[in-house]
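Subject: Structure handover

Hello,

Here is the structure we talked about, followed by notes on what was found in it. Please keep it open while you read.

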Amino acid sequence: MQIMLCAISNIASGGCSEDCKYCTQSAHIKTNIPKYKKKDIDQIIKEAKLAKKNEALGFCLVTAGLGLDDEKLEYVCKVAHAVKKEEPDLLLIACNGQANLEQLKELKKVGIFSYNHNLESSKEFFPQICSTHTWEERFQTNLYAKEAGLMLCCGGIYGLGESCDDRISLRKSLQELQPFSSPINFFIPNENLNLKQSLLSADEALQIIKDSVKALPQTVIMVAGGREVVLKERQYEIFDAGARAIVVGDYLTTKGEEPSKDIQKLRQMGFSFATQCH
């Protein structure tokens with residue numbers, strides 16, 4: 001079976017104005033994560049080359065903050081142009097928060113393949129985890145991304161204290177959007193966060209994947225943050241559950257599995273890695 005690998009580059013980290021309770025990049029809490037407004041482009045290119053070496057097809061350019069302004073848009077476009085010049089076969093994904101239609105069209109022009117903007121949770125539960133912007137604003141950005149001709153990457157984070165009904169509601173909203181890919185993230189507790197929740201069990205996490213695959217049969221279900229911490233030695237059971245993509249390497253502010261270990265194990269299991277998007 002063929003699976004898709006993606007890698008993340010956190011190109012603008014920390015200091016976010018929003019109060020999302022699950023996020024260590026929020027300026028509303030004290031954390032010891034790296035904080036910078038613009039990562040050096042040469043460093044991003046090094047990360048892109050490493051991602052390509054590690055069999056990644058997707059390479060995601062992530063910026064902290066509510067959304068795109070003129071300065072940030074210019075920077076993301078500059079980064080995208082530089083990466084495409086060095087690694088033209090990588091599919092670039094932009095993850096830059098709220099954006100309007102014209103901004104998303106600009107990203108499309110410079111070679112961005114997909115836009116990632118997660119709904120995070122259900123419309124009903126979202127006000128309990130964020131008060132500085134609305135779920136509806138998130139949903140609208142996803143509609144704009146599709147209108148701009150970008151492939152849509154949209155999912156959520158589980159284990160925030162949401163109910164089973166909230167999970168069903170989130171998946172119904174994702175059905176409306178019909179994203180190309182949908183990342184599943186599992187919440188990892190952090191002592192600095194205001195949100196106090198226990199880790200999900202491996203069984204519950206695997207059931208979430210199965211339910212997502214059933215709800216979104218035309219969407220590539222990707223397992224992202226929390227895979228190693230929540231599933232531990234059972235993490236490769238995600239493919240039996242129906243996942244068809246993973247994030248390799250580090251996440252935004254947490255360490256991931258060494259990519260070579262993932263790749264070696266996946267090859268031993270008989271998987272091959274996608275080199276183009278169908």
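Ser182 counts as buried, because its relative accessibility is 4% and the cut-off for buried is under 20%. Keep in mind from the start that this is a predicted model.

Ser182 sits in strand β7, which covers residues 181-186. Which residues does Ser182 touch, leaving aside those up to four places away in sequence? They are Cys154, Gly155, Leu174, Leu216, Thr219, Val220, Ile221 and Met222. With Cys154 there is also a polar contact: a polar atom of the Ser182 side chain lies 2.7 Å from the backbone oxygen of Cys154.

Next, helix α3.

Helix α3 runs over residues 101-109, and Leu101, Gln103, Leu104 and Leu107 are buried in it. These residues lie on the same side of α3, because they cover an arc of only 160 degrees around the axis.

After α3 comes Gly111, which has a positive phi near 105 degrees.

Then the salt bridges.

How many salt bridges does a search of the whole structure find? The count is 15. One of them joins Arg167 and Glu204, whose closest N and O atoms are 2.8 Å apart. Arg167 belongs to helix α5 (residues 164-177) and Glu204 to helix α6 (residues 202-215), so this pair ties together parts that are 37 residues apart in sequence. Are the two partners buried or exposed? Arg167 is buried, with a relative accessible area of 9%. Glu204 counts as partly exposed, at 32% relative accessibility.

Arg171 and Asp211 form another salt bridge, with 3.8 Å between the closest N and O atoms. Here too one partner is in helix α5 and the other in helix α6: Arg171 lies in α5 and Asp211 in α6, so the pair ties together parts that are 40 residues apart in sequence. Arg171 is buried at a relative accessible area of 8%, whereas Asp211 is partly exposed at 28%.

A further salt bridge links Glu228 with Arg227, and the closest N and O atoms are 3.4 Å apart. Glu228 and Arg227 are both buried. Elsewhere, Lys49, Glu86 and Glu87 are linked in a network of salt bridges.

Now the aromatic rings.

A pair of aromatic rings is described by the distance of the centres and the angle of the planes. There are 3 aromatic pairs in the count. One of these is Trp135 with Phe139: the ring centres are 5.3 Å apart and the planes are at 20 degrees, so the pair is stacked. The cut-off behind that word is an angle under 30 degrees. Trp135 and Phe139 both lie in helix α4, 4 residues apart, which is about one turn of the helix. Both residues of this pair, Trp135 and Phe139, are buried.

Another pair is Phe239 with Phe271, where the centres are 4.7 Å apart and the planes are at 50 degrees, so the pair is tilted. Phe239 lies in the loop between α7 (227-231) and β9 (245-247), and Phe271 in the loop between α8 (259-268) and β10 (272-273), so the pair ties together parts that are 32 residues apart in sequence. Phe239 is buried at 5% relative accessibility, and Phe271 is buried at 13%.

Last, a record entry.

Which residues does UniProt mark with the feature "binding site"? The unreviewed entry gives Cys16, Cys20 and Cys23. Of these, Cys16 lies in the loop between β1 (2-12) and α1 (41-53), and Cys23 also lies in the loop between β1 and α1. Cys16 is buried, with a relative accessible area of 10%. Cys23 has a relative accessible area of 23% and is partly exposed. The annotation comes from the UniProt record and may be inferred rather than shown by experiment.

Regards

How values were computed:
Residues numbered from 1 in each chain as written. Predicted model: local features only at pLDDT ≥ 70, side-chain atom pairs only at ≥ 80, totals over all residues. Heavy atoms only, no water. Buried < 20%, exposed > 50% of the residue type's maximum accessible area, 1.4 Å probe, protein only. Helix = DSSP H or I, 4+ residues; strand = E, 2+ residues; numbered from the N terminus. Arc of directions from axis to C-beta. Polar contact = N/O pair within 3.5 Å; in protein donor to acceptor, adjacent residues only side chain to side chain. Contact = heavy atoms within 4.5 Å. Salt bridge = Lys/Arg side-chain N within 4 Å of Asp/Glu carboxyl O. Phe/Tyr/Trp six-rings, centres within 6.5 Å; stacked < 30°, edge-to-face > 60°.
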